[in-house]
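These are my notes from an afternoon with one model. I wrote down what I looked up, in the order I looked it up.

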Amino acid sequence: MALLYGLLWRLLLLLVHVNTALVSWLRVRLRSWKGRLWERAVAALLLPVALAGFPDQHKKLNHNPDATANPVTGNRDDGRRARWLSDGKALEKLPVHVGLLVAEEEPSYSDVANLVVWCMAVGISYVSVYDNHGIFRKNNSRLLEEILRQQNLLGVDGSKYSIEFLSNGSDKHNVVSCRPTVKVLSPEDGKQSIVQAAQQICRSVENKERSSKDISVSMLDVLLRESKNIPDPDLVLKFGPVNSTLGFLPWHIRLTEFISLPSHRDVSYDNMLDALQRYASCQQRLGQ
Amino acid sequence: MSWIKEGDLNLLEKISANVLKAGPMPKHVAFIMDGNRRFARKKNMERQEGHMQGFNKLAETLRWCKHLNIPEVTVYAFSIENFKRTKEEVDGLMELAKQKFERLLEERDNLEKHGVCIRVLGDLNMLPLDLQELIAKAVVTTRAHNKCFLNVCFAYTSRYEITNAVREMAWGVEQGLIKASDVSESLLSECLYSNNSPNPDLLIRTSGEVRLSDFLLWQTSHSCLVFQSVLWPEYSFWNLCEAILQYQLNHKSIQKARELHQEHQALQQLEADRACVAEHLQHHGNGKPADAQRRQEALLHYTACREDRVQDFLEALKHKRNSFFSDLCSKPVLA
């Protein structure tokens, strides 16, 4: 009997995987096909996919027909930049700080760089990049080079959109600029930073500089902000099939909205804009 | 209405449960039971009624978890942020909680039969005293039960919980039980309100919101997160199965990430111990650099001492927390 259930379980998983693969294939096809019949067929197929837990995919399929029609006003780059900026302004609310959580093996630096540049172009002030292996952090310079390269490629004017790269580690970098800022994060910035702040507090208690009764949420919050000095992420775009935060800044994500995208590889500007539109429509009641 | 719903699953539910159980099952599931008020609006009922329905759904969910062999459930019942709601609503919720805990105490025999252990996590001194006393009684009465565990987060936020853990460690330092250098990720975890539970394997949030709202931020760093659009009072057995299926699909990759993190943690601890030993040897050495063997011996000795210190501290903390509840119990419970 147990064997039968085991087999049924494997079959169930297989069905889910087949369905997921089918839908991703269809999604690619749909970019060129806008037939209503096609959409209905896909919607019917999506029911099992919804059961498999990829609720974001069907929203992806609400393809914006204007996306490919770029207003070519003289310089193509100018048109694009203007469009990005207006896209940002058109949103009901724009996140101030976006986290890009890459939950996939072997990240693609160019795709991540694209995302960063698009975020900046749309008007987002802070972008954090994270993966749970610490790959981005180890290859910090490579990522930042790639971002600069994409900036140039996309014709984003260097002086207007110059990006401030926050260096990692223990240096307390005081960011008082209004330039867009990129921060590369790794798991050490999560629980480990909280532990370090706790140690610091306990050491001051050990040295009789303060009492345990003085410790408050705001005290801890200030310490955790000192070395980062950027606001809490409003939105985290999670790339990849893993449904977990994988250690991303536990303290800072208390009110963060999480929007999943299937992959960061070959991600398009429209995918990102869709996600931002979803974010714009969510309501935060803040406990009330 | 009762905390425990008796009754078996129907045939289709039983078969589905058995199929799911053939794969990896979460041992601890956390729920953010969101959507009671929206449900009430949708059904044109009073808000309070929405919350009542929400509680019934909780009882039903516990029954499903029992049949799915999920021994531990944690729920987000009331956030510290919820105190910002209208006085009417907050009082209504406190009243509901009082009724439920009174009911729970009436059902203590049933709870014993099913081996249900109830824990309440949060900054309980923010609650009205009579509710605190009821909670204390419920916790103390069911403390010894060990078949299944229900953790109710009441007057809780994760940041307050983490801050409290830091305060406890600082208290330990003040009492001379531990040193500041003993502070580590695992020690912090042991000082959280949830220290008696393993981290949740699966976190489910209903009503379509896609945020954590200050719930178990530390504990769910490597949990499977499932956001479902159904409103909590409308939650069904199939919604739960859907969430568990998601957990199963993510199981291997999350397990890998968790193991990576644990390895990293162990390395951190080793490095920290080594650093302390090196400092110690420098101060107390005879000027000559210690040989590898001496360093290794010193490291083993230091680690053993640190672990003893930490154990003693955790015992003291446990005693402090138990006393908090026992003291509340010894006060007469208001009728």
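**Entry 1: a glutamine.** I looked up B:Gln248 and found it in helix H9 of chain B. Helices here are DSSP runs of H or I with at least four residues, strands are runs of E with at least two, and both are numbered from the N terminus. B:Gln248 is buried, at a relative accessible area of 5%. Buried means under 20% relative accessible area, exposed means over 50%, and partly exposed is in between, with a 1.4 Å probe and protein chains only. I noted that the model is predicted, that local features need pLDDT of at least 70 and side-chain atom pairs count only at pLDDT 80 or more, while totals for chains, interfaces and linings use all residues. Residues are numbered from 1 along each chain as its sequence is written, chains are lettered from A and ligands numbered from 1 in the order in which they are written, and side-chain values use heavy atoms, with hydrogens and water left out.

Which residues does B:Gln248 touch, not counting those up to four places away in sequence? I listed A:Trp9, B:Leu20, B:Gly23, B:Pro24 and B:Met25. Contact means heavy atoms within 4.5 Å. The side chains of B:Gln248 and A:Trp9 are joined by a polar contact of 2.8 Å. A polar atom of the B:Gln248 side chain also lies 2.8 Å from the backbone oxygen of B:Leu20. A polar contact is a pair of N or O atoms within 3.5 Å; within protein, one must be able to donate a hydrogen and the other to accept it, and residues adjacent in sequence count only if both atoms are side-chain atoms.

**Entry 2: the interface.** I then turned to the contact between the chains, which takes 61 residues from chain B and 60 residues from chain A. The two chains bury about 5200 Å² between them, 60% of it on carbon and sulfur atoms. Buried area is the accessible area (1.4 Å probe) that two parts lose on being put together, summed over both. I counted 23 residue pairs in polar contact across this interface, both residues at pLDDT 80 or more. On the side of chain B that touches chain A, H9(B) gives the most, with 14 residues. By class, that side has 27 nonpolar, 18 polar and 16 charged residues. Ala, Val, Leu, Ile, Met, Phe, Trp, Tyr, Cys and Pro count as nonpolar, Asp, Glu, Lys and Arg as charged, and the others, Gly among them, as polar.

I looked at A:Glu257 and B:Arg211, whose side chains meet in a salt bridge (2.7 Å, N to O). A:Glu257 lies in strand E6 of chain A and B:Arg211 in the loop between strand E5 (202-205) and E6 of chain B, so the pair joins two chains. A:Glu257 is buried at 1% relative accessible area, and B:Arg211 is buried at 3%. Both belong to a network of salt bridges that also links B:Asp34, B:Arg38, B:Arg205 and B:Glu209.

Next I checked A:Asp221, which counts as buried at 18% relative accessibility. A:Arg225 forms a salt bridge with A:Asp221, the closest N and O atoms being 2.8 Å apart. These two residues both lie in helix H9 (residues 217-226) of chain A, four residues apart, about one turn of the helix. The side chain of A:Asp221 also meets that of B:Arg159 in a salt bridge (3.6 Å, N to O). That pair crosses between chains, with B:Arg159 in helix H7 of chain B. Both B:Arg159 and A:Asp221 are buried.

**Entry 3: a serine in a loop.** I found A:Ser263 in the loop between strand E6 (257-261) and helix H10 (269-280) of chain A. A:Ser263 is partly exposed, at 23% relative accessibility. Its side chain makes a polar contact of 2.8 Å with the side chain of A:Glu104.

Entry 4: Most residues other than glycine have a negative phi. B:Asn44 is exposed, with a relative accessible area of 72%.

Conventions. Salt bridge = Lys/Arg side-chain N within 4 Å of Asp/Glu carboxyl O.
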